[in-house]
Amino acid sequence: MKKTTKRTITLTGTLAGIFFAGAIAVADDMGSMNGMSGMGDMSSGAGSMSATVGHGKGIVKSIDHKNGTVTLEHGPIKAFGWSAMTMTFTLRHRSDMKNLKKGEHVDFDVVQDGQGATIITKIHPVH
Ligand SMILES: [Cu+2]
């Protein structure tokens with residue numbers, strides 16, 4: 001009789017312990033899930049910023065083969081809220097330069113690297 005009571009108490013204690021541990025584990029999971037979703041929001045926000053691609057049309061003003069840049073007089077680029085202006089872009093692919101000539105009309109895609117540089121990822125003459 002005494003033995004049985006003792007075992008029952010021990011068993012109950014163990015079950016309570018498991019349940020308690022389980023409850024903590026669930027709480028931990030929820031905490032980490034919240035943390036992850038928060039980080040996910042942050043990283044997706046930063047990712048979408050750097051992944052924003054602007055589309056523009058312009059005229060080639062000059063090409064700098066040494067530095068791999070091209071200066072364009074370009075129209076508005078809606079994705080970045082830019083108005084028309086003349087500016088210099090870095091070409092992601094230097095091989096694009098050989099398709100460009102001064103005075104030529106071009107279509108281009110541009111991204112910002114987050115460090116002040118504007119990089120043309122695609123550019124081709126419009127005929
Ligand atoms: Cu510009």
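In what order do the 5 strands close into a barrel? The order is β1-β2-β3-β5-β4, and the pairing is mixed. Two strands count as paired if DSSP finds at least two bridges between them. From one strand to the next, the twist averages 55°; axes are lines fitted to C-alpha atoms, for helices over the stretch in contact, and angles run from 0 to 180 degrees between N-to-C directions.

Before selecting anything, note that this is a predicted model, in which local features need pLDDT of at least 70, side-chain atom pairs count only at pLDDT 80 or more, and totals for chains, interfaces and linings use all residues. Residues are numbered from 1 along each chain as its sequence is written.

**Whole chain**

Show the chain as a cartoon. The chain has 1 helix and 5 strands, following the pattern α-β-β-β-β-β along the sequence. Helices (H or I, at least four residues) and strands (E, at least two) are DSSP runs, numbered from the N terminus. Of the 127 residues, 12% count as buried. A residue is buried if 20 or more other C-beta atoms lie within 10 Å of its own, exposed if 12 or fewer, and partly exposed in between, with C-beta atoms placed from the backbone. Among contacts between residues at least 6 apart in sequence, 42% join residues at least 24 apart; two residues are in contact if their C-beta atoms, placed from the backbone, lie within 7 Å.

**Strand β1 and its partners**

Select residues 54–64, which form β1. β1 is joined to strand β2 (residues 69–74) by 6 bridges, and the two run antiparallel. Within this pair, I63 stands opposite V70. The two strands form a hairpin with 4 residues between them, and G68 in the turn has a positive phi of about 70°.

β1 is also joined to β4 by 6 bridges, again antiparallel. Pick out I59, which stands opposite H105 in β4, and then G58, whose bridge partner in β4 is V106.

**Strands β4 and β5**

Now select 105–112 (β4) and 118–125 (β5), which run antiparallel and are joined by 7 bridges. V110 stands opposite I120, and Q112 stands opposite T118. This hairpin has 5 residues between its strands, with G114 in the turn at a positive phi of about 80°.

**The nonpolar core**

Which residues make up the largest nonpolar core? Select V70, L72, I77, F89, L91, V106, F108, V110, I120 and I123, 10 residues in all. Such a core is a set of buried Ala, Val, Leu, Ile, Met, Phe, Trp, Tyr and Cys residues joined through C-beta atoms within 7 Å. β2, β3 (85–91), β4 and β5 each supply at least two residues of this core, and β4 gives the most, with 3. In soluble globular proteins, nonpolar side chains tend to be buried together.

Centre the view on F108. Leaving out residues up to four places away in sequence, F108 touches G56, G58, I120, K122 and I123.

**Last stop: W82**

Move to the loop between β2 and β3, where W82 is found. Is W82 buried or partly exposed? W82 is partly exposed because 16 other C-beta atoms lie within 10 Å. Apart from neighbours within four places in sequence, W82 is in contact with P76 and I77. To finish, draw a distance from the C-alpha atom of W82 to that of G56: the two residues are 26 apart along the chain, and the separation is 10.0 Å.
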